Amino acid sequence: MDFKENMISSFMAFEDHVDVENPIHDIRTEAIKQFEKEHLPSKKNEFWKYTSLNPYFKKQYSVYPKLESALEFKDVKKYFIHEIDSYKIVFVDGVYSSYLSQTTHEGLDVCLMSAALTKPKYRLVIENYFNKVAPKDSLNSLNTAFSREGAFINIPKGKVVDKPIQILHFSTGNEANLLVQPRNLIVAGENSHVQIIERHQSLTDNEVLTNGVTEIFAKKRAIVDYYKIQNDRLNASLIDNTFISQKEQSHVSVHTFSLGGKLTRNNLQFFHEGERLDSTLKGITLIGDKQHVDHSTLVHHAQPNCESHQDYKGIYADHSTGVFNGRIIVEKEAQKTNGFQQNNNILIDDTATINAKPQLEIFADDVKCSHGCTIGQLDDEALLYLRSRGIPKKEATALLMYAFSNSVLDSVKIPELKNRINKLIAMKLGVSLGFDL
Amino acid sequence: MLKIENLHASVEDKEILKGINLEVKPGEVHAIMGPNGSGKSTLSSVIAGNEDFEITKGAIYYEGENIEELAPEERAHKGIFLSFQYPVEIPGVSVTNFMKTAINETRKARGMEEMRANEMLKQIREKAEMLDIDRKFLSRSLNEGFSGGEKKRNEIFQMAMLDPKLAILDETDSGLDIDALKIVANGVNRLKRADNAVVVITHYQRLLEYIVPDYVHVLLNGKIVKSGGKELALQLEEKGYDWIKQEHAV
Ligand SMILES: Nc1ncnc2c1ncn2[C@@H]1O[C@H](COP(=O)(O)OP(=O)(O)OP(=O)(O)O)[C@@H](O)[C@H]1O
Ligand SMILES: [Mg+2]
């Protein structure tokens with residue numbers, strides 16, 4: 001059975017477990033039809049030129065775990081930013097774990113997609129927002145077709161959320177070839193403020209594949225800070241699709257820390273639906289060991305007086321491959337756009353590869369757009385300077401790499417998270433330096 | 001402390017040092033002068049362990065040990081310090097973080113415990129004060145956007161923090177205004193002890209009025225062609241290098 005057939009027959013089985021009378025199911029049915037129609041991503045598609053999913057399409061997947069896996073908090077504590085108080089929405093193999101979660105909330109909704117899709121009180125939000133910003137391509141449609149579980153966060157007007165929300169997806173690998181497809185929806189009301197930390201973590205060495213979709217809506221003057229920690233094992237692959245719709249004067253930032261995983265694809269797209277807003281896309285990629293990270297970004301400037309800032313740093317070693325495909329589209333109406341894009345890469349050795357492709361499509365005439373892309377090695381002079389002060393080569397190299405990616409960490413607003421990322425980076429670099437100043 | 005014997009060094013097959021002999025004993029201050037391109041910075045780089053240069057003949061002994069095979073950091077751990085003629089800008093690493101790392105890595109290599117945070121802070125405060133360095137300066141990225149003089153002052157700050165046995169100051173005076181020159185020279189003098197030594201590379205006699213050398217050497221075309229006392233510097237200031245060049249014309 002090829003992948004499409006595999007998915008379509010899984011869909012029929014899936015229908016036995018969901019309420020087919022729910023209007024949502026019409027959307028799912030549409031989506032599976034769309035999936036059937038669309039080509040699977042392949043190298044012929046310019047946005048998949050450097051990332052091949054072919055090996056994944058050769059396997060047979062199940063879309064729901066047959067067994068429920070329970071985890072002990074102490075075994076997974078280290079994957080949380082546990083130093084701070086936070087809301088926690090936790091999934092194990094795509095199934096909500098109420099035991100590990102902590103969602104008691106007041107004045108906002110921190111809950112589950114399964115609840116949002118079925119409870120009448122959420123019907124309006126779902127009608128207005130669900131599947132409204134995600135494009136209808138093959139993998140998004142696949143996710144939509146199987147959408148049932150994920151995080152649902154609804155922040156009312158004016159609410160400043162008192163603590164960060166952590167969304168954790170654990171994979172146990174207890175079941176071979178499980179395709180997990182979380183579906184998240186985040187609606188930040190006018191003048192609201194929310195910080196979200198998301199992490200995917202596999203717990204064993206079995207192969208796992210995730211195809212996730214997150215839709216984020218930021219209304220007028222809302223502030224959304226989203227952090228993605230991708231520091232997974234060598235057997236875990238993630239296709240992450242995040243789509244953001246912004247209204248006027250909103251500020252949305254997404255920081256993506258891609259520090260591990262077999263294959264990671266970050267499809268991150270911003271759509272502007274109001275004036276004087278800004279979008280920030282930042283990322284640090286630090287990989288080796290034949291790993292593959294693909295950042296495919298889009299900022300769609302469709303309104304005047306908006307800003308976007310993209311800053312991606314990549315450090316690649318040991319047969320790893322990076323892809324940066326950064327797009328900025330500026331529509332005719334989007335006068336006075338400021339669109340910046342920066343992508344700097346260091347190749348540690350000559351077995352590593354980076355494919356960097358900035359794309360600017362500008363149809364307005366009064367805009368400021370710039371992009372800079374560099375690929376280089378570490379600065380030998382700087383290395384000598386540090387070493388001559390007694391800092392050994394490995395530590396000096398680490399310090400320079402850290403410094404290189406520092407502009408991305410600078411804007412992380414949760415100190416404990418920043419600290420954690422610092423530690424993860426130090427660990428990756430094999431040094432025990434505390435980059436904490 | 002330092003003994004250089006018939007040192008020949010090349011970069012990309014081009015011989016730059018052509019037989020240097022120099023001995024520096026504890027407690028001494030040596031000055032090396034010489035025209036542009038004569039090999040002064042090359043000599044200091046070779047001592048510090050810059051791997052771009054290849055020693056083709058001769059040897060460098062430091063405290064009796066041939067250091068040719070030692071990495072730059074190992075030389076630093078043994079107490080060799082080079083104040084760079086052109087300090088490198090390192091965006092994203094603050095002066096303080098850099099200094100902390102350098103000190104603790106050095107201590108680690110010497111089998112010592114990490115320096116306690118309050119002790120570190122105290123040291124940083126003291127040395128910054130001695131060199132009249134604004135504390136705010138220390139949280140800035142290392143050398144990034146520093147003025148020429150600020151970079152040089154920062155080099156001496158690092159020297160003060162690391163307290164080396166052998167310090168080589170490559171044109172630390174260039175770029176310093178008169179007041180800064182006095183402050184920096186005064187800093188160097190305060191670090192001077194009977195068991196450490198300083199090699200000052202300079203083009204100007206002025207610095208040597210503050211850091212008074214026991215010996216002055218003239219480096220010309222990769223060789224030390226003349227050595228003398230501090231009066232040699234005065235002579236050079238007055239007459240330039242032509243007369244020495246003539247003496248040594250091939
Ligand atoms: N990496 C290198 N590659 C090629 N040539 C070099 C290199 N480093 C130094 N040189 C050459 O070696 C010679 C000596 O240079 P060096 O920097 O040692 O001179 P210097 O005496 O310090 O001069 P200055 O007074 O201008 O600082 C010069 O001709 C210089 O061009
Ligand atoms: Mg020089």
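Helix H1 of chain B is largely enclosed by the rest of the structure, because 8 of its 9 residues are buried, where buried denotes under 20% relative accessible area, exposed over 50%, and partly exposed the range in between (1.4 Å probe, protein chains only). The buried set comprises Lys40(B), Thr42(B), Leu43(B), Ser44(B), Ser45(B), Val46(B), Ile47(B) and Ala48(B). Just after this helix, Gly49(B) adopts a positive phi of about 100°. Helices (H or I, at least four residues) and strands (E, at least two) are DSSP runs, numbered from the N terminus.

The model is predicted; local features require pLDDT of at least 70 and side-chain atom pairs are counted only at pLDDT 80 or more, whereas totals for chains, interfaces and linings use all residues. Residues are numbered from 1 along each chain as its sequence is written, chains are lettered from A and ligands numbered from 1 in the order in which they are written, and side-chain values use heavy atoms, with hydrogens and water left out.

The magnesium ion (ligand 2) is coordinated by OG of Ser41(B) and OE1 of Gln85(B), at 2.0 to 2.1 Å. These two residues, 44 residues apart, link distant parts of the chain: Ser41(B) belongs to helix H1 (residues 40–48) of chain B, and Gln85(B) to the loop between strands S6 (80–83) and S7 (90–94) of chain B. Donors are N, O and S atoms within 2.8 Å of the metal (3.2 Å for Na, K and Ca); water is not among the atoms, so sites may look incomplete. Ser41(B) is partly exposed, at a relative accessible area of 24%, while Gln85(B) is buried, at 15%.

Elsewhere in chain B, Leu207(B) lies in helix H7 (residues 205–210) and is buried, with 4% relative accessibility. Beyond its neighbours within four places in sequence, Leu207(B) contacts Asp173(B), Leu181(B), Ala185(B), Val200(B) and Thr202(B), contact meaning heavy atoms within 4.5 Å. A C-alpha separation of 9.6 Å was computed between Leu207(B) and Glu171(B), which are 36 residues apart along the chain.

Chain A contains 10 helices and 20 strands. For its 437 residues, a compact globule would have a radius of gyration near 22 Å, and the value of 21 Å for chain A agrees; the radius is taken over C-alpha atoms, and the globule rule is 2.2 Å times the number of residues to the power 0.38. The C-alpha trace of chain A spans about 70 × 50 × 45 Å along its principal axes. Of the 437 residues, 62% count as buried. Among contacts in chain A with a separation of 6 or more, 84% involve residues 24 or more positions apart. The chain exposes about 17300 Å², of which carbon and sulfur atoms supply 50%, with areas from the Shrake-Rupley method (1.4 Å probe; for residues, only the protein chains shown count as cover).

Gln359(A) is situated in strand S19 (residues 353–362) and counts as buried at 14% relative accessibility. Residues up to four places away in sequence aside, Gln359(A) touches Glu46(A), Phe47(A), Asn325(A), Gly326(A), Arg327(A) and Ile328(A). Leu203(A) occupies the loop between strands S8 (193–202) and S9 (208–218) of chain A. With the same exclusion of residues up to four places away, Leu203(A) touches Leu71(A), Val76(A), Tyr79(A), Phe170(A), Ser171(A) and Arg233(A). The C-alpha atoms of Leu203(A) and Pro41(A), 162 residues apart along the chain, are 28 Å from each other.
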